[in-house]
Every structure is written in C-alpha cells, then in structure tokens.
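These are notes for a colleague going through the model. Each point takes up one part of the fold.

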Amino acid sequence: MTKYVGHSVPRKDAFEKVSGTAVYAFDIDNIPNMLYCKFLTSPHAHARIVSIDTSKAEKLSGVSTVITGKDWFVKIGLYAGDRDILAVEKVVWVGQPVVAVAAISEAIAAKALELVQIKYEVLSCILDPIEAKKSSEILVHEKMAEYEHSPAFNPVPGTNIANHFKLRKGDIEKGFSQADFVIENTYTMPQVAHAYLEPLVSIGHYRTDGTIEVWSSAQSPFTVRYLLSVTFGVPISNITVHAPFLGGGFGGKAGLNFEPLVVLLSRKAGNRPVKLRLTREENFRSAPIRVGMVANVKTGMKSNGRILAEELEYIWDSGACADYAVNVGRAGGYVSIGPYDIENIKSDSYTIYTNKPYATAFRGFGHMELHWAIERQRDAIAVSLKMDPVEFRKINTLKPGKSLTANQDRLREDAGNLDQCLEKVWNDLKDNLKDSPIEKPWFFRGIGIAGFMKGPAQPPNSAASAYVKFNEDGGIIVSVGTSEMGQGTITSLAQIAAEELGLPIEKVKIRGDRDTDRDAYTWQTVGSRSLFMDGNAVRRACEDARSQIFDIASQVLNIPSEDLTLKNELIYPKGERWKHLSLAEVVMGYMYPSGESIGGPVIGRGKYIAKMTMLDPETGAGKPAIFDTFGAQGAEIQINVLTGEVIVKRLVSAFDIGKAINPGLCEGQIIGGGVMALSIALNEQLQYNEKGELLNPNLVDYIISRSGDIPKEFVSHIVENPQEDGPYGARGIGELTMLGVPAAIGNAIFNAIDVCINDLPLTPQRIWSEIQQQRPELLMSLKKKILED
C-alpha cells in the first residue's frame, strides 16, 4: 500500500502559476546594462546574398552593434550542423534571420533594421518534399558533404536528402507473393506550428572573463549548454544555462534555437547582456515548426486478416534545416508499421530539405503522423475484408514476450498490452453509440479507433541523474535536470521521493526552473522519457540516502541496517516503533548525549542510463527504446451533411502506462493531448504561396481549436501492466495522449458515411472537404436520402 504513488497529489508548481508569481524568460528584465535584439529576415525562400550594407544602422543613436552571418561562420544544429546563426552566402527560407541589431530598446533596434540595405539574387525554390527528393538541380544545401553530423544519420550529398533510414525484415517479395489481397494508399500530413503560449525568449551574456551565461525558454538546458560550447569553443564548465518556467514547449523548445545569436551579439556589444523576445508572427516565420509527411503504404494480407508484408515510404518535410527533423525521420522509420507483428517489412524513411521554415521535434515525434497513415490503412483493410476493425487489429498486434518487433527485438514480457486498450475503447464507443439517439436526420454519426505505440527517441548513452539533500528538519530538496513545461513531471518525482523516504509530500521541495550549475544532469526533456529516466534516478538517490540514514541509525540503535524501517519521518526496528529515531536527529549527523557525533549531512545520489543499442544501418535491427507504451484512442463524430460541419462528440482513450504515479495528472495529459490532436486533425495547417511565403503567421489565420470545439465528453482508461525496471512499474504517457486522435477521427468520418475511399491522399483535416469536392455524387445521394426520408 502506497501513500503517495498512485494518488492524485496536487501539482507542486500550481500556486506559482495560478498566482502569477512564476518567472518566465519573458519576465527577466532586471539584468544590468541589458540590450535588446531584433533581427531582419529574408523575404525570399531561396536567394543568394549579393551585398549587405549596415552602415546607416550602425550610426543610429542607441544602437550598440549590428552583425551579419560573416561575423560567425560556424554552423549549428543538434544532429546535423546545417544552420547559420545568421544567413551566410544565401538564404533558404522566408523568415531566415540575416542581420541582427542590439540596441538600448527594441524600438530602436527595429528602426535600425529599416536602415539596412540587402541585395539578393533570387534563386528557384523548392517547396514540395516529393519534388525535392528527386531534385539534383535545386539544392537547399549544396555543401552538405562539408557538414558535421551525428553518425546515427545518413545524409546524401548532392541531393536534398538530409537522412535516409532503412528498415528491413524478412523477405518482402515472398510476403507479397503469398498474399491474397494487396492494398496500396498514400497519406499526408502538413507542417503545423507548435502554437505554445510563450514565444521563444533568449538572453545571452558573454562576459569579459570568457564565461557565458544564458537565460532561455529552453526545454533542454544541458543540450543548449553543450551546443554553445561546440559553437563558441568555450569549455562546458564556463557556460551556465538557466531555464525558467516554460509556457509550453511541445518539442519546439527542445533543441538549440536563438541562444547562439544573443551570445554572439553580447560578445560584439562590449560584453553587455542581450535579450531577444520573438513576437507571435516572428515565432511563426523564424522559429522551428513540425515536419510535414507523405506516406506511401502497401500492405499484403491473407483473407483471414493476417498481414504478411508491408512496404512503406515516408517522406518527411524538414524545411530548410534538418536540426531535430532527421531524428524524427529516424524514429518514424524504426516504428514504420506501428504496433504490429509483421514478418516481412521494407521501409524507407527520408528526411527532405525544402525551402520552408525548418522543422524540429513536436509532441509525438513523428509517431502521430505515421500512425495516421498506418491506422487509416488498417481500417481500409478491415473494410475491404469485411472484418471488425478491432478484431482485425488484434490478429496482428504485437504480443508481449512472443512477438518480434520491426527491429527484430523480442517484445519484453512486461511490455504493455495493446489488445486490452483496443477492447476498452471499442466497447465503450459501441455501447454509447447504441444507447444515444440521432439528433437530426441530416446528422450522420460514426465511430473510429486507432492503436499505437511509442518509446523515447534518444541515443543509447542518454542518461539522467538526481540528488537528494536533507534540511535540518528532515525535509528534502530534490534536484533533477528535467524541465517543467506543464506536463507535471516534477510533482510525480516528488511523490516518488516522498514514498521512498517516508516523508510528507509537503516536506519535499523540487524546483520548477532549471540551472545547469545547480541541478543534476539529464540528457533532455523530450520523448516522455523523464518519468522513467529521472524517476529511476530519483528512486536510486533516495535508496542511497536511506542507506546512509540506516548506517547511522544502526550504530545508534545497535540494530543491523537490514532490520530497520523508515516511515512517517521515523527510523525504527521493524515492528518496534517505540525504539525510534526521528529523521531530523540523523540526517545532519547524530550527536550522542556526550557530544560525540557520527555521520554528517546526508546527500543521496542516483543515476540511470538507457538500456538500448545502436541500430543496424542497413536493416534497422536493434533495440531503439527503453520502453514502449501502448494505447488506443477512439472518437465518436457527427457530420452535418447539409453544411459539412464535423463535430467530435466524444474522445475515448486507453493507455497501458504500467503504473499511474499520479492519476489526476495522467487524466490532465489525456484531455490536453486529445484537444491538441483534435485541433491538428481538423483545423491546423501552415499554408504557403508559390514563393514560399507563409500565409497564416498568426493565431487569427492559423486556426487552433477553441473552447467550443472541445468534445463534451472525455473517457480515460488507465491500464496498468507494470514494467519491472520502471519506477514503481511506470512508463511514460505525455506524448502518447495525441497519437491516435487524427486517425480515430478520420476512421470515424469514413464510418459515418459508410464508405472507404482508398485512392485519395488525404490529410486528416481535409477528409470531409475532399469528399465534398471529389465525391459530389456521394454528397448528393446523402442529401437525396434525407429529403426522401
């Protein structure tokens, strides 16, 4: 029986956020002598820079410095060094920063930019990732062969292919030759914006002693610190990165963004600190976005529903720089087929450069997009075979302890159970649809379901650490490196610490901001890894602290350590609570009545490193993740065929997360992720004209769901099949809460009109409009039926 783990404890950061006392990077204006940055961006998607004249801007009163790309030639990037701090030689997207100014105010900096004169030689741009993949004439990066990149990735110089990931299993030709049916479709998803509440903010201070201090709205401050070291050739120990509270991230703040720019400006501006805060429109045009995707899926199966072979091609639109996008393409590649056991697989995943804003991580890390394709394909197959969609899926799902994954790694016995999730969601959807009447005769209702899986996409050497130090009253301060951006992880980590050390949760302190000098190291805050990785580190730190406590108490009580217990801030022999010592008596060192003392301040240390392998570059074989969380999501929708309006009435979810450390936070994640995915499915899409100009760079024209679009009912099922090496059996959930929603809504729309259209390359938000435009006879027949009735 646990006191805190498994219970809905209030968030640790709740008061600071609701009271308005939480400090964000935007709020920091109290650094002495601070300057303010604005940058001038490219008006062209692809052009050569002929000349830049900054002389008039430099003379403007209040301007400290003006810089161009020629002030620092080092290219930056997390996995591929392909991005200029400021454009050098040419520009590769509309919105790319070209010139930056540091001045005593933002207004003066903006005025200075008006005085800058730039001449361009406009080049042909390439916006379609399919065309970009083929092109050898229009290249976004002609010098790709010169770029540094991680050995895990395979760029193809002389092309626009930033990475090619291959997955091979079995004999694909043999599999198709044995199939009774073959279905082939194309599915697409557009680029979208993260639309976090807080636009990007960075403050950089390059001090006269050569040290660097940065304050930034960054998800992963240790990654920022490391990449700044690489960029400027400064030892890591001389760099400090502060990450205050984050106003959302969703992956958009995971890599290196504008931190190098403000550091460079500070260096050029007499070592004064420089602050950059993007407007919403600047964030749309110049900050990273989510990849677009085109998926070609060919599936061969027997008439009994068993899938024998699947051939896939994923084309990921990374925009002008690969940054995080190469890893999105890699992760999408090794999970190409979703949560299914298929003997014969051939998958090629291409990350492609285009002349659009560059892409980075996004909640789900490519898995929402790939599961859109896979789960639409699964429904299309089920309809063709006249099978129940869930029964068809269950024939092919991965089975714990038995199935080999697409990476030829046996699924662990204590992995999650997808079949249980599918059954819970489908039964709920069917029962509710049966019991609720149709509101109007022109309303058509449908239900749809999607299954999915995901593990953290991280390198095999990614690690997390934690330390626990005691206060004089027996309370503790827990230090971790994971960032808090709304997901609630720090509360769950506090619950683990309180449970392990027998403390009231109120005496566990864990900060919401991060400081690379102060806090324990973690690789990054991405991929739903933090609860598992940092949770294990916290638990081990508590075990280490408890061992030290028992060692001291054992000497005082003359009882072997293994016979002691720690509960409710008391240490005592098992079953003999009256012989207790208080934590406060022990954790700073115990003093006998004579004044003799033993022990000393207790500091517990813990660490955890991923148990993974590299993947074979030709086959993708290996162990790519520390865990896989399985889940299913379903939607009940209603279509008004007279107006074309699609209303999502209910979202039903089931996740096998091993153990819900905090069920209330899990529920919040499920609802929040569901709403975000619904918005992406039905509304969101970055739109460009033929010149590569973004047409909707604001929250008026870029439509996100409003309160009226939110379903009236959310149903959440938590399945708990614990994973032995997880903290209390837990696996991550955060990103998974949106993976199946687009496919579930798409499947529900098709089921609502009782038709399966297999020859349209549909994005989820365009399903109904495509039906209206390309199947007018269907729409007319539906209207005719209504009038006749």
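1. Angles under 35 degrees count as roughly parallel, over 145 as roughly antiparallel, 65 to 115 as roughly perpendicular and the rest as oblique. Axes are lines fitted to C-alpha atoms, for helices over the stretch in contact, and angles run from 0 to 180 degrees between N-to-C directions. Helices (H or I, at least four residues) and strands (E, at least two) are DSSP runs, numbered from the N terminus.

2. This is a predicted model, in which local features need pLDDT of at least 70 and side-chain atom pairs count only at pLDDT 80 or more, while totals for chains, interfaces and linings use all residues. Residues are numbered from 1 along each chain as its sequence is written, and side-chain values use heavy atoms, with hydrogens and water left out.

3. Helix H10 (residues 367-385) packs with helix H17 (residues 741-752) at an angle of about 30 degrees, the axes being 8 Å apart. H10 and H17 are therefore roughly parallel to each other. On the H10 side the contact (heavy atoms within 4.5 Å) is made by Met-368, His-371, Trp-372, Glu-375, Arg-376 and Asp-379. H17 contributes Pro-742, Ala-743, Gly-746, Asn-747, Phe-750 and Asn-751. The residues of this contact divide into five nonpolar, four polar and three charged. Here Ala, Val, Leu, Ile, Met, Phe, Trp, Tyr, Cys and Pro count as nonpolar, Asp, Glu, Lys and Arg as charged, and the others, Gly among them, as polar.

4. How do helix H11 (residues 389-396) and helix H12 (residues 418-435) cross, and within what distance do their axes come? The crossing is at roughly 175 degrees and the axes come within 10 Å, and H11 and H12 are therefore roughly antiparallel to each other. Pro-389, Val-390, Arg-393 and Lys-394 of H11 meet Asp-419, Leu-422, Glu-423 and Trp-426 of H12. That contact has four nonpolar residues, no polar ones and four charged.

5. Phe-452 lies in strand S18 (residues 443-454). Is Phe-452 buried or exposed? Its relative accessible area is 0%, so Phe-452 is buried (under 20% relative accessible area; exposed is over 50% and partly exposed in between, with a 1.4 Å probe and protein chains only). Not counting residues up to four places away in sequence, Phe-452 touches several residues, including Pro-339, His-371, Leu-418, Phe-630, Phe-655, Leu-736 and Leu-739.

6. Gln-723 sits in the loop between strand S31 (713-719) and H17. With a relative accessible area of 1%, Gln-723 is buried. Leaving aside neighbours within four places in sequence, Gln-723 is in contact with Arg-412, Asp-414, Phe-532, Ile-626, Phe-627, Gly-729 and Arg-731.

7. S23 pairs with strand S24 (residues 570-573) over four bridges; in S24, Tyr-572 is the bridge partner of Thr-565.

Terms used: Two strands pair if DSSP finds at least two bridges between them.
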